Amino acid sequence: MSNLEGNFYELMNLDNFSTLAEVKTKYQQIIRKVHPDKLQQSNLAKSEQSFLKIQEAWKVLGNPQKKIEYDLQLQQLITQQDYNISDCIPLEEFEETFINEETTFSYDCRCGGSYFYCHDNIQPVVQGETVIVACSNCSLHVEVIT
Ligand SMILES: [Zn+2]
């Protein structure tokens with residue numbers, strides 16, 4: 001999954017991050033409706049297509065381990081969209097400078113402003129090993145791999 005199109009939850013007409021039980025219930029409802037055995041010949045090709053997609057979604061969302069991984073990916077994509085993240089940059093590529101006797105890492109934004117990263121101004125969003133930092137000048141954010 002590289003963008004939010006084709007989101008498995010949407011495909012199954014579920015809310016994002018529905019529980020496994022909700023996914024199961026929905027899947028049963030859907031297969032009752034779209035299973036190729038239960039459809040008219042004329043609608044078969046189209047329905048077979050959507051049935052295959054639903055099955056693909058079900059293989060992931062119906063599997064507890066895969067669902068956890070999928071939910072994490074989805075959360076990250078949603079966060080990226082919310083924060084207008086333009087790039088993902090390892091901390092090593094930031095320039096280390098001293099500001100007010102503190103070590104600060106900076107990286108030039110394409111707008112001419114800079115992203116500043118220091119241990120005191122870490123943004124509230126922390127996902128695993130990455131931190132989201134806002135540009136000092138525009139609305140862009142970058143994800144910093146620490
Ligand atoms: Zn900027």
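This is a predicted model: local features need pLDDT of at least 70, side-chain atom pairs count only at pLDDT 80 or more; totals for chains, interfaces and linings use all residues.
Local features were considered only at pLDDT of at least 70 and side-chain atom pairs only at pLDDT 80 or more, whereas totals for chains, interfaces and linings use all residues. Residues are numbered from 1 along each chain as its sequence is written.

Helices (DSSP runs of H or I, at least four residues) and strands (runs of E, at least two) are numbered from the N terminus. Helix α4 comprises 20 residues, 64–83. The distance from its first C-alpha to its last is 28 Å, close to the expected 28 Å, the expected span being 1.5 Å times one less than the number of residues. Asparagine 84 follows α4 and lies in the loop between α4 and β1 (85–90). Its phi is positive, near 55°, although the residue is not glycine. Asparagine 84 counts as exposed because it has 12 C-beta neighbours inside 10 Å; the cut-offs are 12 or fewer other C-beta atoms within 10 Å for exposed, 20 or more for buried, and partly exposed in between, with C-beta atoms placed from the backbone.

A positive phi, about 60°, also occurs at asparagine 13, in the loop between α1 (8–11) and α2 (20–34). Asparagine 13 is likewise classed as exposed, because 10 C-beta neighbours fall inside 10 Å.

An open antiparallel sheet is formed by 3 strands in the order β2-β3-β4, pairing being assigned where DSSP finds at least two bridges between strands. At the edges, β2 (95–99) and β4 (114–117) each pair on one side only. Strands β2 and β3 (residues 102–108) are antiparallel and joined by 5 bridges; phenylalanine 98 has threonine 103 in β3 as its bridge partner.
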